[in-house]
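Me: Hey, I've just opened this one and I'm new to it. Can you walk me through it?

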Amino acid sequence: MRLWALQKLLRLSLKRDFSLALSSVFGMALAVGSLLFFLGVGMGLTHFIQHLFPVDAKRFEVKAPQWTLGEKEYKKLDEAACEAFQALEHVHTLYRKMEVRAPGTTRINDTLLGMRIHMGLEIMAVGIEPALFAPEVSTALFVDEDIFFEEKEGVPVVLSSYLIEVYNQHFAPKNGLPLLSNEDMLKGFGFDVVFNQSFFAGNAGEALAQEFFIAGFSPRAFLAGISIPLESAKRINRALGKDAEHYSSVVVEVTDSAHVPKLIQELEHMGFKVDEGERQRARQLGLAIWATTGALSLLSILIGVLATLNIAQGMSHSLRMRETEFAIFRAVGATPAQLAWTVMVQALILALVGGGLGIAAALGGGHLLNVFLFQVLGDIPLLPKNLFMLPVLGCIGALLGAMLAALLGVWGPSRRLQKMSPAEVLAGR
Amino acid sequence: MIEVRNLSKVFEKAHAHAVHALSIPSLEVASGEFVALSGKSGSGKTTLLNILGALDLCYEGEVRIGEEVLSKLSSRELAHYRATTVASVFQSFHLIQGWSALENVALPALFSKAPPPDIIPRALQMLQAVGLGDKAKSTPAQLSGGERQRMAIARALFAGARLMLCDEPTGNLDAQTTQSIVDLLVRLNAEGLTLVVATHEPLLLKAAQRHLNLEQGRLQ
C-alpha cells in the first residue's frame, strides 16, 4: 500500500474515532512517562549513591579489632598478617595503610588562586601504598622523598576529590572565593605540618616539622585529612617514637568479586575485622532505591498493560462500529492484509505519539525534580547537579515496548477484521 | 463472460435446519450482456451477486469469470479481481460518509498496487460520466438518493471493470431518479459493460436484454 493511501485511511480512522485515539495516546503516555520517570530517578539516585560511597566490588578493607572478647591475644595487622593474607587463595594485591599516630597542625600563609590565605588547620595524616591511587596519581611521584615540584619541595600528598566538590559547591560560593575548574590548579601547593602539635590538645611531645605539597586527588584518598606515602607515615611515626610496625588497615584486592564473601569469612575466622560499613551502606541504599524503583516501575508496567487493554478494547469497538466501511474497502479491492496493516500502523502511530509524549513528560518531570532539588535542597553538601538520569537506550526501549504493546493490543481486532465476510457485513447479517 | 456450473449455497444455522439459498446447475452471461435478476425477497438474488462479485466465497460448484475460476484464486488475486474486473453497486449505496464525491469515486485507487497516474482527472471524468461533474466536493450527506447511487456507479466505473453487479440499484429511489439511473445503466451497457442487475423495478426489467427469475434459490 502506498504511503499517501495509508495516510488517507489513517486520517479517516482518526476522524471516526478521535476519542479512542486520544485515550490510547493518553494511556501510552502515562505508562511510558511514569516508567521512564521512575527509572530516571532510580538511576540518578543510584549514581549519586555510587558517587558518595564508591564501592569497588573487588576490594574490601581489613582492620585489626580494637579489642577482642574471649581471646588471649590481640590480632595485629603487621607484615606477618599481611603475608598470611597474601597467601590466601584469590587474593590479588594488598594495599597497606598506616595512620600517623600523632596529631599535626599547619599554618598556611601563602597565595592560593590569587588570594592571600592565612589560616591554621588541624591535620590528620594516613600513609597509603602508592599503587592504590593509580592511575590518578603516578606511583613514581607518590614516594617518601622530598621532591621538587613546581618550585616547591616536600613529600607528596593526595587529597580526596570530594573536597574539590564541597569547595566548589558550598565553600567557594559562600565565601566569595574563585571556583576550581580544574584539580591541576591546586597541584604543587605546598604547606608545612608540625606533628605532635594540636590546637585542641596542645603539644604531646617533641615536635616534628615536615614539608608537603599537593600531588593529586583521588576518590580513594582519606576524606578527613591528607593521604601520604606509606613509607612517609612509617618514617614520621618512627621519628615520633610511635608504632611504625602495625598497620591501621589493609585494603585487600581479590581476583574476582565473586570470592569476596568467602574471603571475608576466612579473614573474620582469622580474627580480623572487615570494615563493611560503607559497603553495606551502599548496598542497602542501592537495594532500597531499586526496590522502590522496581515497585514503581511495576506500577507503570501495570498502567502499560491497562493502556494495551484499552487499545485492544477501543480498537475492537471501533472496528465493529466501522465494519461496513471495511467491508466496502474489501468490495473495492482491499486485501485482508492491507486492512490489518492499516490497523496495525494506526496502533503503532498511537504508541509512537503516546510514547513520545511520555518521554517528553518524563524528561520534563526530571527537569522539575532537579529545579526543586536546587531551589529547596541546594545547601546539602555533595548534592548532585542532576538526580535524573535517563539513558537514550531507555527511551528507545520504552518506545519499542509501547509499540509492541500496541501491536499486541490490536492483534486480536486485526485478526477478526481479516476473517470478516464482506458479503455478510454489507447484507447487514 | 460469466459461466456458472452446479452452484450451490447453503446457510448453516445453529439449532435449525440448513437453508438452501442457491442451487443453480448452469448459468451463462455473455460479455456485454444486460441481465436482470428478479425474485421475491430471500430468493437468492443478493447471494448470487455476492458470489459473482467474490464477496462470498463459501459455496460449492464452479464460477468462472472470463478466464478466472474464482474458487481457485488466492486472497490477493480475489482482491485484484474485485478491484479491476468486477464492480458492485448496492441498494444502500455504501459510500464513505464524510468523504467528498471525488474521494469516494477514487476509493479503489487506495488499495491498488498500481493506481492510475491520473487519479483525480479520472475520478472527475467518472463523475462527469454519471452527471455529477459539479458535485465533486459534495459529501454523500449533501446529495440526494439518486445522486448517491450515481456516485456509487461512478466508483464502480473508476477501476475500469468489465462486469457490473447491481443489487436493487433503484430500490431507494423515487420514480424520476429511477428513470435517470436506468438510462445511465443502459448507456453504460451500450458502451460495452456487462451488467447483472437484481431488481424488482419494471423499467430495469424492461431495459434488460434477458430476464432471469429466482425462486427459492432456483432459476425458473
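Reply: One definition to start: a residue is buried if 20 or more other C-beta atoms lie within 10 Å of its own. His94(B) has 22 C-beta neighbours inside 10 Å, so His94(B) counts as buried. Keep in mind that this is a predicted model.

Me: Okay, and where does His94(B) lie?
Reply: His94(B) sits in the loop of chain B that runs between β6 and α3 (101–105).

Me: What about the phi of His94(B)?
Reply: That phi is positive, about 50 degrees, although His94(B) is not a glycine. For background, most residues other than glycine have a negative phi.

Me: Which residue of chain A other than glycine has a positive phi?
Reply: Asn196(A) is one, with phi near 70 degrees. You'll find Asn196(A) in the loop between β8 and β9 (208–218) of chain A.

Me: Is Asn196(A) buried or exposed?
Reply: Buried, because Asn196(A) has 22 other C-beta atoms within 10 Å.

Me: And Asp184(A), buried or exposed?
Reply: Asp184(A) has 10 other C-beta atoms within 10 Å, so Asp184(A) is exposed. The cut-off for exposed is 12 or fewer. Asp184(A) belongs to the loop between α4 (161–175) and β8 (190–195) of chain A.

Me: How far is Asp184(A) from Gly216(A)?
Reply: Their C-alpha atoms are separated by 7.6 Å, while along the chain Asp184(A) and Gly216(A) are 32 residues apart.

Me: Let's zoom out. How many helices and strands are in chain A?
Reply: Chain A has eleven helices and twelve strands. Of its 429 residues, 32% count as buried.

Me: And chain B?
Reply: Chain B comes to eight helices and ten strands. Chain B has 220 residues, and buried ones make up 46% of them.

Me: What share of the contacts comes from residues 24 or more positions apart in chain A?
Reply: Taking contacts with a separation of 6 or more, residues 24 or more positions apart account for 82% in chain A. In chain B the figure is 70%, counted over contacts with a separation of 6 or more.

Me: Next topic: how many residues does each chain bring to the contact between them?
Reply: Chain A brings 21 residues and chain B brings 21 residues. On the chain B side, α1 (45–52), α2 (75–84) and α4 (107–111) each supply at least two. α2(B) gives the most to that side, with six residues.

Me: How do the residues on the chain B side divide into nonpolar, polar and charged?
Reply: Nine are nonpolar, eight are polar and four are charged.

Me: Which residues have the most contacts inside the largest nonpolar core?
Reply: Val105(B), Ala154(B), Met164(B) and Val197(B), in a core of 114 residues. Helix α2 (residues 18–52) of chain A gives the most to this core, with 14 residues.

Me: What is Met164(B) in contact with?
Reply: Leaving aside neighbours within four places in sequence, Met164(B) contacts Ala87(B), Val89(B), Ala156(B), Leu193(B) and Leu195(B). There's also a second, separate core of 42 residues, which includes Val100(A), Ala125(A), Ile128(A) and Leu267(A).

Me: Now helices. At what angle do α2(A) and α10(A) pack?
Reply: About 150 degrees, with the axes of α2(A) and α10(A), residues 392–419, 10 Å apart. That makes the two helices roughly antiparallel.

Me: Which residues make that contact?
Reply: From α2(A) come Met28(A), Val32(A), Leu35(A), Leu36(A) and Leu39(A), and from α10(A) come Gly394(A), Cys395(A), Ala398(A) and Ala402(A). By type, eight are nonpolar, one is polar and none is charged.

Me: How do α1(A) and α9(A) cross?
Reply: Helix α1 (residues 3–16) and helix α9 (residues 336–377) of chain A cross at roughly 70 degrees, their axes coming within 10 Å. They are therefore roughly perpendicular to each other, and their crossing is right-handed.

Me: Last one: what do the buried residues of α8(A) pack against?
Reply: They pack against α9 and α11 (422–426) of chain A, together with α2, β6 (86–89) and α4 of chain B. The buried residues of α8(A), residues 323–331, include Ile328(A) and Phe329(A). After α8(A) comes Gly333(A), with a positive phi near 125 degrees.

How values were computed:
Residues are numbered from 1 along each chain as its sequence is written. Chains are lettered from A and ligands numbered from 1 in the order in which they are written. This is a predicted model: local features need pLDDT of at least 70, side-chain atom pairs count only at pLDDT 80 or more; totals for chains, interfaces and linings use all residues. Two residues are in contact if their C-beta atoms, placed from the backbone, lie within 7 Å. Helices (H or I, at least four residues) and strands (E, at least two) are DSSP runs, numbered from the N terminus. Ala, Val, Leu, Ile, Met, Phe, Trp, Tyr, Cys and Pro count as nonpolar, Asp, Glu, Lys and Arg as charged, and the others, Gly among them, as polar. A nonpolar core is a set of buried Ala, Val, Leu, Ile, Met, Phe, Trp, Tyr and Cys residues joined through C-beta atoms within 7 Å. Axes are lines fitted to C-alpha atoms, for helices over the stretch in contact, and angles run from 0 to 180 degrees between N-to-C directions. Angles under 35 degrees count as roughly parallel, over 145 as roughly antiparallel, 65 to 115 as roughly perpendicular and the rest as oblique. A crossing is left-handed if the near helix is turned anticlockwise from the far one by less than a right angle, and right-handed if clockwise.
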